[in-house]
Amino acid sequence: NKKLTRLLLVTLEDPYNPRSWSGIPYNMRIALETKVNNLSVVSNLKPRRTPVNVLLRVVCGGKKPRYPLYLTRAAQKQFAREVEAAIEKHRPDAILSISSHCLLYLNNPGIPTYMFTDAPWLAWKESYKPFDPSMPILGGRFAALEAKTAKRCTGLVYPSEWAASEAQKLYDVSSDKIHVQRMGANWYPSLTGDELKAVIQARPADRLDLLYVGKDWERKGGPLTLEVVRGLKNANVKNLCLHIVGCAPEVPSDIQDVVKIHGLLKVDDPQSGEKLRKLFLDSHFLIVPTRAECFGLVFAEAYAFGLPPISRAVDAVPSIIEDGKTGILEDRHASAERYIERIIALAKNRNAYLNMAFAARGRYEETFNWDKFADGVTYIIDQQLEAFQAATPVSQSAH
C-alpha cells in the first residue's frame, strides 16, 4: 500500500510551460500527476524586489546580472514563506523541490523534503567555468547555503552518478541520502516500437547523415564535430552530410558541401518541429561531443528516436551513453581520428549499427522516460515515509 498520496512540487520554474527549463518541470509534473492522488504545485515564483537589491543589480551590471535578484536573501526568504503557506494549505505527505532556492530558509516542515536538480549548483558552475567564467557576487554565499540545506533534506535526487558523487563531496552527506533517478526525454516520436523499428531499418546504408543539435557551439563540441566530418570526407565516405541544428557556425570552405545548417528548430512549432522530427528519424547518429554537461537531455531524446549518440565521457554523459552498446563515448582527450574510425566501422557493419540503434531505443523505453522517473521518485519517497512518520513525534508532525 502506497503511503504517499499527497505531494507538493516546488519550483521557481513554470511546470505548465513546456519551454520552461527545457520542459523538465512540465514533463515531471505531468508524470507525477499520474503517480499520486493529489499533486499540489508552488511554481513560477518571482524574486522580491527591494529598492536596495534592485539598485545593486543595476550598479553591478553584467549581461548575466552579477547580482541576480533570485540569489538575494529577501527573495529566498519570500520563496520559503510561499512554500510554508502551501504546506499549511495542502497538508502534503512530502515535498519535492526542483533546486534548492525555495528550501534555503524553510522552517522545519515536519514532513520528508526532497531536492532534485541535474547537479549541485557549485558543480555546475565549476564544470561550465571555461565557457562561462562569471560568478555572481552572491554565488559563494548561495553555495554554502545550499550545502546546509542539503544536510537538512531527507533525500537528494540526481539524474547521474557524476552529480550524486559531486553532491556527496560538496555537501558532506551520507551516501544513503543520495539517490540517482534518470530524467526522461522531453521530446519523443509518436510511433509504436514496431513502427520506429521499421524507420531505423529504412535508414539508407549507402549514405551517412550525422545530426548536431546545440546552441553552445564551443561547449557542445562543435569544432571537433567539423574535424570529424572533414576526416570522414577525406576517407571518401559517400553521401555524407552533417546537419547542424540550434546555431549557425562558420563552416570551413573545404567541407561546406557536406554541411547543412538548419538554424533554430522549435519542437512546438508545426513546421520546424516536423523538420526536426524528420532529422531525428532519418539521421544515422547524433554527434554532440560536449566538453561540459550536467546531463544532456538531447542524448535521451536521441534514444527515443533510436538514434545512437556520439559524445565525450565528461561529467554526466557516461551515465547516459553506454559505449559500444547504445552509442559511442570517447575519452575527453580523444582525437577526431578515433571517432572517425569508429563511425566508419559501424557504417560498414549494418547489423552492428542496427543493434546499436535498437539498443538506444530500448534504453529510452526502460529508463529515459518521465514515467520511469516518476515511478522511481515516488518509490523513494514512499519507502522513507513510513520510517519518517514513525520517528517524528506527533507534536512536530505537519498533520
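This is a predicted model: local features need pLDDT of at least 70, side-chain atom pairs count only at pLDDT 80 or more; totals for chains, interfaces and linings use all residues.
## About the model

Local features need pLDDT of at least 70, side-chain atom pairs count only at pLDDT 80 or more, and totals for chains, interfaces and linings use all residues. Residues are numbered from 1 along each chain as its sequence is written, and side-chain values use heavy atoms, with hydrogens and water left out.

## Helix H8

Helices here are DSSP runs of H or I with at least four residues, and strands are E runs with at least two, numbered from the N terminus. Helix H8 (222-234) has 13 residues and reaches 19 Å from its first C-alpha to its last, close to the 18 Å expected at 1.5 Å a residue; the expected span is 1.5 Å times one less than the number of residues.

Its buried residues include Leu224, Leu226, Val228, Val229 and Leu232, where buried means under 20% relative accessible area with a 1.4 Å probe, protein chains only. Among the elements covering the buried residues of H8 are strand E8 (240-245), strand E9 (259-263) and H11, with contact meaning heavy atoms within 4.5 Å. After H8 comes Asn236, with a positive phi near 60°.

## Helix H11

Tyr339, Ile343 and Leu346 are among its buried residues. The cover over the buried residues of H11 includes H8, strand E7 (208-213) and H12.

## Where H10 meets H12

Ala300, Tyr303 and Ala304 of H10 meet Ala360, Arg361, Arg363 and Tyr364 of H12. By class, this contact has five nonpolar, no polar and two charged residues; Ala, Val, Leu, Ile, Met, Phe, Trp, Tyr, Cys and Pro count as nonpolar, Asp, Glu, Lys and Arg as charged, and the others, Gly among them, as polar.

Notes. Buried means under 20% relative accessible area, exposed over 50%, partly exposed in between (1.4 Å probe, protein chains only).
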